[in-house]
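Subject: Structure handover and notes

Hello,

Here is the structure we talked about, with my notes below it. Please read them with the model open.

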Amino acid sequence: MSTLVTGGRGFVGRHLVDQLLRDGTKTVSYNRDFAVDSRDGLTLVQGELFDIPRLSETIRTHGVDRIIHTAGQSHPGVSIELPWTTFAANAEGTLAVYECARATGVRRIVNFSSECALGNLDLDTVVREDVKPEPTTPYGVTKVAGELFGTVYTSLYDMEIVSLRVTEVYGPGLWMPSLLGDMIRAGLRGEAFHLDTGGDHPFQFVFVEDVATAARLASTAATLPQTVYNVSGGRRITVADTARLLEKILPEAHYDIGAGLLPQWDHQGEYDLSASRRDLGYTPAWTFERGLQAQIDWIRSTEHPS
């Protein structure tokens with residue numbers, strides 16, 4: 001038997017595949033792009049999520065008994081520019097994965113949702129899994145759709161679909177635009193970084209290895225009493241405090257950031273991880289300081305080699 005990872009060549013997917021292989025799990029990485037990787041225990045399959053015959057054939061051929069679904073359009077800002085494309089990739093793509101699993105007898109699916117499913121919340125609110133989703137972007141809407149379809153498929157078809165509400169992921173391999181990445185790159189170049197507002201905006205960064213761990217644990221948990229679980233790094237930090245931390249690590253860095261919240265990002269209270277600890281055995285292993293240094297080292301090695 002084996003685990004299929006959709007988007008196994010993506011940011012989180014690569015770390016997840018590495019963990020599964022280290023754990024001795026036969027792994028199928030299903031991606032839209034062609035790739036070559038000859039590691040023992042790993043099979044690469046090129047295909048689209050909406051290609052239901054190909055995805056179903058892959059599941060049957062390789063004896064897949066669980067799926068971790070990471071693939072999709074993963075940037076809320078892009079979804080504002082491309083709402084239809086985002087819906088097709090995320091909502092329709094996720095439903096295709098569920099339907100292929102149902103048709104081939106796969107019960108356990110770990111679906112990647114997001115903090116963006118919830119929208120803006122009071123900063124003093126402790127965010128538990130029973131918070132009502134009120135997304136503010138097309139991306140957030142697609143994540144709510146994935147969660148709800150998962151609940152329905154679990155109820156109607158005797159499946160075990162669990163969605164992970166993941167907060168702001170960072171770490172080595174993050175090529176997509178991100179505020180943290182922009183701040184690091186400016187610091188490495190010795191350039192002043194300016195924001196008119198946003199210093200008070202809280203982020204709940206979670207290191208990519210911790211996210212991969214949470215997904216792996218959810219794929220093998222004996223029981224899943226809930227259909228949604230929170231996954232964060234266990235700590236909130238404001239943009240201003242992040243800037244001060246970077247100035248300590250990068251001597252040439254200088255940040256000029258005004259007070260207030262970032263209008264283009266959702267703001268939320270601290271995430272409660274008690275259910276994830278209880279049912280999945282998930283506890284974040286990476287402190288923000290340690291993870292931040294890892295991302296800095298990766299950016300320096302790939303973009304600023306000595």
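Which residues of α1 are buried? They are Phe 11, Val 12, Gly 13, His 15, Leu 16, Val 17, Gln 19, Leu 20 and Leu 21. Please keep in mind throughout that this is a predicted model.

**Helix α1 and what flanks it**

Helix α1 covers residues 11–22, twelve residues in total. From its first C-alpha to its last the helix reaches 18 Å, close to the 16 Å expected at 1.5 Å a residue. Nine of the twelve residues are buried, so α1 counts as mostly covered. An α-helix has 3.6 residues a turn, so residues three or four places apart point the same way. After α1 comes Gly 24, with a positive phi near 85°.

Not counting residues up to four places away in sequence, Gly 7 touches Gly 13, Tyr 30, Asn 31, Thr 70 and Ala 71. Of these, Gly 13 is one of the buried residues of α1. Val 231 is 224 residues from Gly 7 in sequence, and the two are 19 Å apart in space, C-alpha to C-alpha.

**The chain as a whole**

The secondary structure comes to ten helices and 13 strands. For 306 residues, a compact globule would have a radius of gyration near 19 Å, and the chain agrees, with 19 Å. The C-alpha trace spans about 55 × 45 × 35 Å along its principal axes. Of the 306 residues, 52% are buried. The accessible surface is about 13800 Å², and carbon and sulfur atoms account for 53% of that. If you take the contacts between residues at least 6 apart in sequence, 78% join residues at least 24 apart.

**Nonpolar cores**

The largest nonpolar core has 58 residues, and the members that touch the most others are Leu 164, Met 183 and Tyr 255. Leaving aside neighbours within four places in sequence, Met 183 is in contact with Phe 193, Val 239, Thr 242, Ala 243, Leu 246, Tyr 255 and Ile 257. Another core lies apart from it and has 19 residues, including Leu 4, Leu 49, Val 97 and Ala 101.

**Aromatic pairs**

How many aromatic pairs does a search of the whole structure find? The count is twelve. I describe two of them here.

Tyr 170 and Phe 288 form an edge-to-face pair, with 5.4 Å centre to centre and 70° between the planes. This pair links distant parts of the chain: Tyr 170 is in strand β7 (residues 168–170), Phe 288 is in helix α10 (residues 288–303), and 118 residues separate them. Tyr 170 counts as buried because its relative accessibility is 2%. Phe 288, at 7%, is also buried.

Phe 203 and Trp 265 are edge-to-face as well, at 5.8 Å centre to centre and 80° between the planes. They too come from distant parts of the chain, 62 residues apart: Phe 203 is in strand β9 (residues 202–203), while Trp 265 is in the loop between β13 (254–257) and α9 (274–280). Phe 203 is buried at 6% relative accessibility, whereas Trp 265 is partly exposed at 27%.

Both pairs belong to one aromatic cluster, formed by Tyr 170, Phe 203, Phe 205, Phe 207, Trp 265, Trp 286 and Phe 288.

Leaving aside neighbours within four places in sequence, Phe 288 is in contact with Tyr 170, Leu 180, Phe 205, Arg 235, Ile 237, Thr 242 and Leu 245. Thr 242 is also among the contacts of Met 183. Between Phe 288 and Arg 236 there are 9.6 Å in space, C-alpha to C-alpha, for 52 residues in sequence.

**A backbone detail**

Which residue has a positive phi although it is not a glycine? Asp 158 does, with a phi of about 55°. Asp 158 lies in the loop between α5 (138–157) and β6 (160–166). At 53% relative accessibility, Asp 158 counts as exposed, since the cut-off for exposed is over 50%.

Regards

Terms used
Residues numbered from 1 in each chain as written. Predicted model: local features only at pLDDT ≥ 70, side-chain atom pairs only at ≥ 80, totals over all residues. Heavy atoms only, no water. Core = buried A, V, L, I, M, F, W, Y, C linked by side-chain atoms within 4.5 Å. Buried < 20%, exposed > 50% of the residue type's maximum accessible area, 1.4 Å probe, protein only. Contact = heavy atoms within 4.5 Å. Helix = DSSP H or I, 4+ residues; strand = E, 2+ residues; numbered from the N terminus. Expected span 1.5 Å × (residues − 1). Rg over C-alpha atoms; globule rule 2.2 N^0.38 Å. Areas by Shrake-Rupley, 256 points an atom, 1.4 Å probe, with all protein chains shown as cover. Phe/Tyr/Trp six-rings, centres within 6.5 Å; stacked < 30°, edge-to-face > 60°.
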